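Please consult the sequence and the model together while reading.

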Amino acid sequence: MSYANDERHFLIILTLILCTLGAGAAWADEAEDSGRKGLFVGINAGVGSSSMVLEKGDRTTNLNNADGAMGALRIGYAFSSKFALSLESYGFGSDEDGDKEWGLGATFLAATWHPCGKGLFVRVGAGGGGGDYVNPDTKQKATISDRGAVLFSIGYDWGLTENTTLGLSADGFMMDAGDIEGYDDGGVGANALTLQFNWYL
């Protein structure tokens with residue numbers, strides 16, 4: 001199955017998850033809410049590595065290529081302490097290969113779910129982006145733009161004050177890059193461990 005088909009299947013599943021989470025948020029018990037509701041802004045910062053999925057024939061290869069830094073900005077709305085929607089921009093950069101550096105970025109519409117109203121959270125998103133990556137065989141830099149992208153994060157956050165949280169998050173995003181030279185299909189992205197700060201306005 002091609003990466004493009006995998007992405008379409010993921011987006012279908014993502015839509016079903018978002019609908020389920022939205023319904024769950026409507027039924028959330030307000031008595032369990034932490035009080036962190038309404039408009040919020042946030043940032044993430046951490047370190048990780050670029051990621052590639054390469055397909056040739058019936059073989060699929062996953063590679064972690066270059067170490068670098070990842071950051072994110074978000075603005076969103078928490079409907080309850082359990083469910084929030086946000087617009088999020090993620091960027092990854094690495095100059096490990098000198099003048100053939102990686103630089104990837106994508107923007108997502110994301111849903112964040114705290115099953116218990118605080119602490120553990122799961123975030124999924126769909127959007128688009130582009131950037132520069134290095135072909136692992138030719139070692140040449142290539143550029144992509146306007147590509148579909150998916151996001152997944154899982155983490156845990158703690159309350160600093162009544163309106164702020166600090167957490168630890170494992171984040172990953174992947175973009176379609178079906179025109180990687182020498183391969184039938186593929187994707188590029190990044191994975192990182194980040195610190196997350198949110199401020200509820």
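In which strand does D146 lie? D146 lies in strand β6, where strands are DSSP runs of E of at least two residues and helices are runs of H or I of at least four, both numbered from the N terminus. The model is a predicted one, in which local features need pLDDT of at least 70 and side-chain atom pairs count only at pLDDT 80 or more, while totals for chains, interfaces and linings use all residues. Residues are numbered from 1 along each chain as its sequence is written, and side-chain values use heavy atoms, with hydrogens and water left out.

**Overall architecture**

- Of its 201 residues, 45% count as buried; buried means under 20% relative accessible area, exposed means over 50%, and partly exposed lies in between (1.4 Å probe, protein chains only).
- Among contacts with a separation of 6 or more, 62% are between residues 24 or more positions apart, a contact being heavy atoms within 4.5 Å.
- The accessible surface of the chain is about 9900 Å², and carbon and sulfur atoms contribute 60% of that area; the areas come from the Shrake-Rupley method with a 1.4 Å probe, and for residues only the protein chains shown count as cover.

**Positive phi angles**

- D146 is not a glycine, yet its phi is positive, near 55°; this residue is exposed, with a relative accessible area of 77%.
- K139 likewise is a residue other than glycine with a positive phi, of about 60°, and K139 is located in the loop between β5 (119-134) and β6 (141-161).

**Salt bridges**

- Side chains of opposite charge can pair when their charged atoms come close.
- The count of salt bridges comes to three, each being a side-chain nitrogen of Lys or Arg within 4 Å of a carboxyl oxygen of Asp or Glu.
- R74 and E88 form a salt bridge with an N to O distance of 2.9 Å. Because R74 lies in strand β2 (residues 59-78) and E88 in strand β3 (residues 83-94), the pair ties together parts that are 14 residues apart in sequence.
- E88 also forms a salt bridge with R123, with the closest N and O atoms 3.3 Å apart.
- The side chains of E101 and K141 form a salt bridge of 3.6 Å, N to O. E101 lies in the loop between β3 and β4 (102-113) and K141 in strand β6, so placed that the pair links parts of the chain 40 residues apart.
- Both partners are partly exposed, E101 with a relative accessible area of 29% and K141 at 36%.
- Shared partners join the salt bridges of R74, E88 and R123 into one network.

**The buried residue D171**

- D171, in strand β7 (residues 164-176), is buried without a salt bridge, and the nearest side chain of opposite charge, that of R123, is 4.6 Å away. In this assignment Lys and Arg count as positive and Asp and Glu as negative, whereas His and the chain ends are not counted.
- The D171 side chain makes polar contacts with the side chains of S169, at 2.6 Å, and N44, at 3.4 Å. A polar contact is a pair of N or O atoms within 3.5 Å; within protein, one must be able to donate a hydrogen and the other to accept it, and residues adjacent in sequence count only if both atoms are side-chain atoms.
- Beyond its neighbours within four places in sequence, D171 is in contact with residues including M70, Y90, F152 and T194.
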